[in-house]
Amino acid sequence: MEDLVPPPEPLPDPAPAAAPRVRASWRRSQGYGVPADEVVPVFTGTPDTGSLLYECAHRVLTDLQSTIADEPVSLMVADPAGFVLARLGDDASISRALDRVHLAPGFSYSERNAGTNGLGLSLADRAPSLVRAADHWCTDLRGYTCAAAPVLEPATGELAGSINLTTWSDSSSELLLGLAQTAASATSALMAVRTGGRLVRPAPRGEVFRVIGGSLAPDDGDPCVSGGWRAAVDRAAVAVSAGRVTVVVGEEGAGKATLAALARRRLSGRQRLLHARAPEAGDVAPWLELWTPELRDAGTCVIVSGLHRLPAWAAGELAQVLATVRRTGRPQPFVLTAPEYAGLPDPIARLVDAVVEVPPLRARADDVLPLAAWTARQERHREVAFTPRAARALAGYGWPGNVAQLRRVVREAAARADVVDVHHLAPEVLDGGTRALSRLERLERDEIVRCLTEPGTTMTRVAEELGIGRATLYRKIAQYKITVPDR
């Protein structure tokens with residue numbers, strides 16, 4: 001007689017009223033293989049208490065703790081990977097309880113390690129998240145309610161970490177999420193102050209628009225001539241024509257979408273290219289509805305960018321759509337772009353067959369002047385000349401913002417003159433420094449560059465115009481690493 005194998009235990013269900021985001025998180029937790037009956041500790045060691053995130057969040061949470069001193073609330077900050085950096089709170093009973101479930105400094109509470117929880121969900125979806133008792137994946141956590149909000153890097157708008165507030169599940173939690181969001185915003189603002197007054201760059205709202213020749217005019221071809229760029233285009237074209245799901249990776253502004261479009265345009269036949277760039281979290285659903293039907297048009301290819309910004313639920317839905325329209329043995333109706341392959345959401349990364357990297361502009365010096373000439377011609381609709389000094393300045397700059405920065409600088413210069421000289425260029429092009437400048441420092445640098453690049457000027461005249469001594473002028477030039485090309 002055969003042994004009877006009992007059926008597996010059914011998976012628990014979230015509360016009937018659980019939000020769609022929570023239900024999606026439960027599905028991911030199941031896929032990650034997270035145990036539903038206990039929190040398995042994942043310990044990373046001593047937390048990094050020297051980071052800017054830790055310093056700013058600790059100050060904000062200390063101030064917040066003083067205002068809710070009599071409340072049974074534990075306040076935490078975690079890094080982007082979900083590792084808890086600090087935990088504050090006066091209530092000894094909840095602190096002891098959180099120790100038992102390893103919600104403590106040094107331990108990971110990412111969704112992948114602890115299942116559905118407020119901290120992990122805020123990082124996965126990059127959105128404020130409230131997870132009540134029965135919404136937790138792990139039964140060990142159902143005695144708590146967690147509210148968490150992501151903290152954004154002030155300079156880039158990227159995810160820096162999360163602020164998490166945890167209380168007992170039977171305590172009032174109506175204001176918990178609001179407090180978490182306020183603390184996260186205050187942390188980001190303090191980080192901006194500590195880094196020289198830079199503000200958070202607003203995330204793009206998302207858009208879908210026609211791409212003509214990868215942002216190049218049809219009769220102009222590709223102005224880039226460097227071996228690195230041409231080799232990358234060739235690799236992408238081979239992968240696309242072979243029907244491989246391709247992701248183009250590279251730094252911000254390096255030309256990922258342009259390269260993807262150029263690779264697609266090597267295919268025979270007429271085709272329509274669209275560019276879909278991921279939006280803010282609140283606009284994701286209508287954004288997906290707007291462009292995903294285009295994937296079923298046989299003559300259309302969509303270049304999808306900014307996937308690293310997508311919340312987890314949207315990445316899962318998009319991956320299902322892409323898998324559905326995927327073609328066997330034929331070019332795919334989509335090409336993906338991202339800063340790096342490791343930053344792609346897991347469901348989308350699993351679809352990728354080929355990765356092509358775009359070299360940054362600083363590694364493609366031969367492309368700088370052709371791109372500058374092409375950009376100026378597009379701006380003025382005729383040829384624009386560059387003096388030898390301006391050309392040397394453009395070619396000698398490191399372009400941390402890549403092609404996007406070059407195009408901005410050249411457009412501004414070409415709008416001012418028919419022959420672009422060094423004094424028409426943005427002061428940043430002559431700044432060889434690498435550190436971020438404060439607003440006052442930028443104003444001072446720009447004024448020095450303006451005077452130095454005036455035609456026919458001398459160091460004595462520059463010092464007089466600025467009202468400083470020659471020695472001070474030389475010291476300031478060295479301080480800002482200003483380099484003005486010889487005549």
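Colleagues, I begin with conventions. Residues are numbered from 1 along each chain as its sequence is written, and side-chain values use heavy atoms, leaving out hydrogens and water. Because this is a predicted model, local features need pLDDT of at least 70 and side-chain atom pairs count only at pLDDT 80 or more, while totals for chains, interfaces and linings use all residues.

The term pLDDT denotes the predictor's confidence in each residue, from 0 to 100. Its average over the protein is 85, and 87% of the residues score at least 70. Over residues 198-205 the pLDDT is below 50, yet the model gives this stretch 24 contacts (heavy atoms within 4.5 Å) beyond near neighbours in sequence. Residues 209-220 also have pLDDT below 50, with 30 such contacts. Where pLDDT is low, the predicted coordinates should not be read in detail.

I turn to helix H1, residues 20-32. Helices here are DSSP runs (H or I, at least four residues), numbered from the N terminus. The 13 residues of H1 reach 18 Å from first C-alpha to last, close to the 18 Å expected at 1.5 Å a residue; that expected span is 1.5 Å times one less than the number of residues. Which residues of H1 are buried? They are Val-22, Ala-24, Ser-25, Trp-26, Arg-28 and Ser-29, where buried means under 20% relative accessible area (1.4 Å probe, protein chains only). These pack against helices H4 (111-114), H5 (118-125) and H10 (312-325). Just after H1, Gly-33 takes a positive phi of about 75°.

Finally, Arg-461 lies in helix H16, residues 459-466.

Conventions
Helices (H or I, at least four residues) and strands (E, at least two) are DSSP runs, numbered from the N terminus. Buried means under 20% relative accessible area, exposed over 50%, partly exposed in between (1.4 Å probe, protein chains only).
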